[in-house]
Amino acid sequence: TVDQTVVYPRNVAEHALRNHATALIFVHNHPSGDPFPSQQDKDLTRRLQQAVETFSMIVHDHIIIGKHGYYSFREKGDL
């Protein structure tokens with residue numbers, strides 16, 4: 001839909017493995033313009049990190065783009 005999406009950690013890990021990734025950066029936008037992460041964003045980041053770490057991949061960052069800025073999980077110490 002235009003205001004939400006479904007992300008399955010297993011699909012992300014599968015795609016990363018198929019492409020021989022060793023590290024990942026997740027990026028998405030918030031159409032509302034506010035880049036601050038929701039609880040769902042935080043939960044998804046944790047689940048994605050756990051899924052790919054199983055395969056010795058590193059999550060460098062998860063960046064949320066807003067209208068007037070961005071939120072970096074790495075910069076804020078959330079990774």
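Q: In which strand does Ser-72 lie?
A: Ser-72 lies in strand β3; a strand is a DSSP run of E with at least two residues, numbered from the N terminus. The model is predicted, so local features need pLDDT of at least 70 and side-chain atom pairs count only at pLDDT 80 or more, while totals for chains, interfaces and linings use all residues. Residues are numbered from 1 along each chain as its sequence is written, and side-chain values use heavy atoms, leaving out hydrogens and water.

Q: Is Ser-72 buried or exposed?
A: Ser-72 counts as buried, at 2% relative accessibility (buried is under 20% relative accessible area, exposed over 50%, partly exposed in between, with a 1.4 Å probe and protein chains only).

Q: Which residues does Ser-72 touch?
A: Leaving aside residues up to four places away in sequence, Ser-72 touches Asp-61 and His-62; contact means heavy atoms within 4.5 Å.

Q: With which side chain does the side chain of Ser-72 make a polar contact?
A: The partner is the side chain of Asp-61, at 2.6 Å. A polar contact is a pair of N or O atoms within 3.5 Å; within protein, one must be able to donate a hydrogen and the other to accept it, and residues adjacent in sequence count only if both atoms are side-chain atoms.

Q: Turning to the sheet, in what order do the strands run?
A: The order is β1-β2-β3, with 3 strands in an open sheet of mixed pairing; two strands pair if DSSP finds at least two bridges between them.

Q: Why is one side of β1 and of β3 left without a neighbour?
A: β1 (23-29) and β3 (69-72) are at the edges and each has a single partner strand, so one side of each lacks a neighbour in the sheet.

Q: In which sense do β1 and β2 pair?
A: β1 pairs with β2 (residues 58-66) in the parallel sense, over 7 bridges. Ala-23 stands opposite Ile-58 in β2.

Key. Helix = DSSP H or I, 4+ residues; strand = E, 2+ residues; numbered from the N terminus.
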